[in-house]
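These questions and answers are meant to be read with the structure in view.

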Amino acid sequence: MDIKKLLQHNQLWAAKELAKDPDFFSDLSQQQKPKYLWIGCSDSRVPANQIIGLKPGEIFVHRNVANQVIHTDFNCLSVIQYAVEMLKVEHIIVCGHYGCGGVIVSHGEHTLGLIDNWLRHIRDMMRLKAPWLKRQRDAGHDSIDTLCELNVMRQVANVGQTTILHEAWARGQNIQVHGWIYGIQTGIIKDLQVDIASLADLEILEQRFMDL
Ligand code: CO
């Protein structure tokens with residue numbers, strides 16, 4: 001597609017939104033008040049707003065390869081801090097997806113260069129949970145799917161372990177973290193039931209992870 005087409009699409013889209021609501025952009029320009037923060041994969045097939053039917057202004061979004069929450073990643077941490085402390089979002093959604101390229105690469109043998117460093121945490125987790133992953137495989141579960149789900153669970157715990165969430169919960173801020181996974185083949189999101197809303201919940205989730 002000609003790159004100029006994208007700008008034409010933009011004009012059509014803006015005109016359509018204005019036709020529906022003449023104040024749409026002027027209202028949005030005043031401020032953003034999203035209730036949700038989305039931490040998802042960069043994969044082009046998993047666009048946050050579209051798959052959960054939200055409009056501009058309704059969800060704050062951070063995406064990276066394989067939806068990682070890494071404690072030295074100031075990009076992700078800054079997004080979380082801004083969302084929690086300034087926007088006061090009530091929900092943080094970590095949404096992975098089946099068939100995630102980052103997870104597939106981590107699961108395999110070959111290397112891709114620089115990005116292997118980014119994905120190192122998934123490989124480490126695989127090694128740590130190798131016996132459990134083997135039991136899942138023996139029980140008939142797809143290895144990649146299982147690892148995609150485990151990755152979401154781990155990243156939910158990682159969000160909870162940030163100083164930002166520790167402090168927010170300590171001062172009594174109402175904020176929940178959820179773990180979802182999106183099926184590229186179905187368009188449907190599955191709730192992995194790993195929600196946490198307090199330090200106590202986080203401890204329980206960490207114990208669940210440890211016990212796997
Ligand atoms: Co992905």
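Q: Is Lys-190 buried, partly exposed or exposed?
A: This is a predicted model, in which local features need pLDDT of at least 70 and side-chain atom pairs count only at pLDDT 80 or more, while totals for chains, interfaces and linings use all residues. Residues are numbered from 1 along each chain as its sequence is written, and side-chain values use heavy atoms, leaving out hydrogens and water. Buried means under 20% relative accessible area, exposed means over 50%, and partly exposed lies in between (1.4 Å probe, protein chains only). Because its relative accessibility is 42%, Lys-190 counts as partly exposed.

Q: Which residue forms a salt bridge with Lys-190?
A: A salt bridge is a side-chain nitrogen of Lys or Arg within 4 Å of a carboxyl oxygen of Asp or Glu. The closest N and O atoms of the pair are 3.3 Å apart. The pair links distant parts of the chain, 41 residues apart, with Lys-190 in strand 5 and its partner in helix 9 (residues 143–161); helices (H or I, at least four residues) and strands (E, at least two) are DSSP runs, numbered from the N terminus. The partner of Lys-190 is Glu-149.

Q: How many salt bridges does a search of the whole structure find?
A: Side chains of opposite charge can pair when their charged atoms come close. Another is Asp-138 and Lys-134, at 2.8 Å from N to O. The number of salt bridges found in the whole structure is six.

Q: What separates Arg-120 and Asp-124 along helix 7?
A: Arg-120 is partly exposed, with a relative accessible area of 34%, and Asp-124 is partly exposed at 37%. The two lie four residues apart in helix 7 (residues 120–128), so their separation is about one helical turn.

Q: Is Asp-138 buried or exposed?
A: Asp-138 lies in helix 8 (residues 130–138), four residues from Lys-134. Lys-134 counts as partly exposed at 42% relative accessibility. Asp-138 has 55% relative accessibility, and therefore counts as exposed.

Q: Which residues coordinate the cobalt ion?
A: Donors are N, O and S atoms within 2.8 Å of the metal (3.2 Å for Na, K and Ca); water is not among the atoms, so sites may look incomplete. The donors here follow the spacing C-x55-H-x2-C along the chain. His-97 and Cys-100 are both buried. At 2.0 to 2.3 Å, the coordinating residues are Cys-41 (SG), His-97 (NE2) and Cys-100 (SG).

Q: How many disulfides does a search of the whole structure find?
A: A disulfide is a pair of cysteine sulfur atoms within 2.5 Å. The search of the whole structure finds zero.

Q: Which cysteine sulfur is nearest to that of Cys-148?
A: Cys-148 is in no disulfide. At 2% relative accessibility, Cys-148 counts as buried. The nearest cysteine sulfur is 5.6 Å away and belongs to Cys-100.

Q: What distance separates the centres of domain 1 and domain 2?
A: Domain bounds come from an automatic or database domain assignment. That assignment gives domain 1 (1–30) and domain 2 (33–211). Taken over C-alpha atoms, their centres are separated by 31 Å.
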